[in-house]
Amino acid sequence: MGQLEDMALFAKIVESGSITGAADHLGLAKSAVSKRLSDLEESLGVQLLNRTTRKSSLTEAGQRFYTQSQKILADTDEMLNEIGQEGTSLTGNLRIAAPLSFGIKHLSPVVSRFAANHPGLTVDLDFADRQVNLVEEGFDVAIRIAELESSSLIAKRFTTIRHILCASPTYLEKHPAPKHPKDLDQHRILRYKSPSGLAHQLKDANGQSFDLTGKTALISNNGDFLRQAAKDGLGIYFCPSFICYEELKSGQLMRLLPEFSATELGAYILYPRTRYLSSRVRTFIDHVTNSFSQHPYWDEGLF
């Protein structure tokens, strides 16, 4: 049997819950399915299933093989459909990883429009600030806000993420507003714990950098939590503008040291380098890049 047939057989075993279930569904003898699974494991040099008298469970290698098999089989079906001109509608699964705060506030409506335009797709959107491994975890694309290091992934930048130093009027009533980054030594700082190592820095007109060296009052990996802490008067927040732009425009938060520039990052859509990029992934990448600009709506009136 070919590799695609082996993948399809293994996927059917996993989805049926057992070798017996897969054999019944495929109309094959249980012994034949078991032999083909053993041959597959031998050819790969790893065990894919833990077998007991009552049930089977995936090994770690089996989970990886199943996840990648699903993607390869779906991409193959779509490629054959495209070549055969059986239809132009998008089908299959699209798995997306996105950072929590940006994903919920700004990416969600973009994904919703895409899903509405392509009802034949199943869209799986995973919100997490951790950096997922696209290949091992079976994601088609990931949205990442960072200074990207070189990798085997392809990255397409679709907007700019700017930062602002801000605090609530309540906090500033008790603590004089800083006039220079060095004054931050006397302040409480709310820091975002970035998986990519965000630099909390400001620069003057000459390009000299200043670290935010004040006392760390709170540190968190969630920007929405820190925004609320800033509104509650707990400290000065080094905030991405996409999180705090509404509070800045309403006066709930006040911008500090605007004459100093803050960190800028890119927002990227990442996808694995592959010979064949499915039309559902290609169409989604185009949809995201067309939905944003390098001067996004949340920065209007702020920069």
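A: Two residues are taken to be in contact when they have heavy atoms within 4.5 Å of each other. The model is a predicted one, and the account below begins with helix H9, which spans residues 241–250.

Of the ten residues of H9, seven are buried, and the helix is accordingly described as mostly covered. The cut-off for burial is a relative accessible area under 20%. The buried positions are Ser241, Phe242, Ile243, Cys244, Tyr245, Glu247 and Leu248. The cover over these residues is provided by several elements, including H5, helix H8 (223–231) and the strands E5 (141–146), E6 (153–167), E11 (236–240) and E12. Just after the helix comes Gly251, whose phi is positive, at about 90 degrees.

The axes of H5 and H9 lie 10 Å apart, and the two helices pack at an angle of about 60 degrees. That angle makes H5 oblique to H9. On the H5 side, the residues that meet H9 are Ser101, Phe102, Lys105 and His106, and their counterparts in H9 are Phe242, Ile243, Tyr245 and Glu246. By class, this contact comprises four nonpolar, two polar and two charged residues.

The structure holds zero disulfides. Cys166 takes part in none, and the nearest cysteine sulfur to it, that of Cys244, is 4.4 Å away. The cut-off for a disulfide is a pair of cysteine sulfur atoms within 2.5 Å. Cys166 has a relative accessibility of 0% and therefore counts as buried. Cys244 is likewise buried, with a relative accessible area of 0%.

H5 also packs against another helix. The axes of H5 (residues 100–117) and H10 (residues 279–291) come within 10 Å and cross at roughly 135 degrees. H5 and H10 are therefore oblique to each other, and H5 passes H10 in a right-handed crossing. H5 contributes Val110, Val111, Arg113 and Phe114 to this contact, while H10 contributes Arg280, Thr283, Phe284, His287, Val288 and Ser291. These residues divide into five nonpolar, three polar and two charged.

Leu257 is placed in the loop between E12 (254–256) and strand E13 (261–262). Although Leu257 is not a glycine, its phi is positive, at about 50 degrees. Leu257 has a relative accessibility of 4%, so it counts as buried.

Ala205 lies in the loop between strand E8 (201–203) and strand E9 (209–211), and with a relative accessible area of 81% it is exposed. Between Ala205 and Glu259 there are 54 residues of separation in sequence, but their C-alpha atoms are 8.0 Å apart in space.

Helix H1 (residues 3–16) and helix H2 (residues 19–26) have axes 7 Å apart and pack at an angle of about 115 degrees. Their crossing is right-handed. The contact consists of Leu9, Lys12, Ile13 and Ser16 from H1, together with Ile19, Gly21, Ala22, His25 and Leu26 from H2. Its residues divide into five nonpolar, three polar and one charged. Ala22, which lies in H2, is buried at 0% relative accessibility. Not counting residues up to four places away in sequence, Ala22 touches Lys12, Ile13 and Ser16. Ala22 and Phe127 are 105 residues apart in sequence, and the distance between their C-alpha atoms is 33 Å.

Technical notes: Residues are numbered from 1 along each chain as its sequence is written. This is a predicted model: local features need pLDDT of at least 70, side-chain atom pairs count only at pLDDT 80 or more; totals for chains, interfaces and linings use all residues. Side-chain values use heavy atoms; hydrogens and water are left out. Axes are lines fitted to C-alpha atoms, for helices over the stretch in contact, and angles run from 0 to 180 degrees between N-to-C directions. Helices (H or I, at least four residues) and strands (E, at least two) are DSSP runs, numbered from the N terminus. Angles under 35 degrees count as roughly parallel, over 145 as roughly antiparallel, 65 to 115 as roughly perpendicular and the rest as oblique. A crossing is left-handed if the near helix is turned anticlockwise from the far one by less than a right angle, and right-handed if clockwise. Ala, Val, Leu, Ile, Met, Phe, Trp, Tyr, Cys and Pro count as nonpolar, Asp, Glu, Lys and Arg as charged, and the others, Gly among them, as polar. Buried means under 20% relative accessible area, exposed over 50%, partly exposed in between (1.4 Å probe, protein chains only).
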